[in-house]
Amino acid sequence: MKIRKAVLEDASGIAKVHVDSWRTTYKEILPADFLEKLTYSSREELWQNAIPVSDVFVAEDSSGQIVGFATAGEERSDDYPPYDGELYAIYILAEQQNQGIGKKLVQQAVESLKKAGKQSMLVLVLKDNPAIHFYKALGAKEIDAIDI
C-alpha cells in the first residue's frame, strides 16, 4: 500500500472512491435517492478544483489503483477553539477497510497539519457513521453534537 500526495490526474480515482464510499458507508444513514444521484463526474470536478489548493492524500494498492483518500487543512468553522486543524474527509473503499489504510492516511494528514503549524485536529462525523469507532480508536473524543 502506497500513501502519497494527490496530483490532478488522481481526480477521477478519488471521485470513484468518494461516491462508492458514500454509497456503502451512508446507505443506512442518508436517503437512497440522494446517494443514487451522486455522480463520478460531479465529484471529479470537485477534486480537480480541490487538489491544486488542498492537501489531499491517496492510498494506492499494488496495481496503482486509488482505494482511499484523505484531505485536511485549517479548521473551517471557528466554532471549536482551540482546534486549528481539521480532517475534512477520509474515505476508503469498503473492501479495503480494516487493513490499516485509514490510520496511514490520518497519519499523513496529521503530518501535513503539523507542517502547516497546526496544533490540534477536529473531525466532524455523522452520529450514525459506523466509522466513529475508527476515530475513537485513534484517540478522538466527542466534543459536540449538532443537528443538520
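Strand β1 (residues 2-5) and strand β2 pair in the antiparallel sense over 4 bridges, where strands are DSSP runs (E, at least two residues) numbered from the N terminus and two strands pair if DSSP finds at least two bridges between them. The model is predicted, so local features need pLDDT of at least 70 and side-chain atom pairs count only at pLDDT 80 or more, while totals for chains, interfaces and linings use all residues. Residues are numbered from 1 along each chain as its sequence is written, and side-chain values use heavy atoms, with hydrogens and water left out.

Strand β2 also joins strand β3 (residues 66-74) through 6 bridges, and these two strands run antiparallel. Individual partners of β2 are set out below.

| Residue in β2 | Residue opposite |
|---|---|
| V58 | R4 |

Because 5 of the 6 residues of β2 (residues 55-60) are buried, strand β2 is largely enclosed by the rest of the structure; buried means under 20% relative accessible area, exposed over 50%, and partly exposed in between (1.4 Å probe, protein chains only).

Elsewhere, L122 lies in strand β5 (residues 121-122) and counts as buried at 5% relative accessibility. L122 and P81 are 41 residues apart in sequence, and their C-alpha atoms are 9.9 Å apart in space. By contrast, D144 is partly exposed, with a relative accessible area of 39%.
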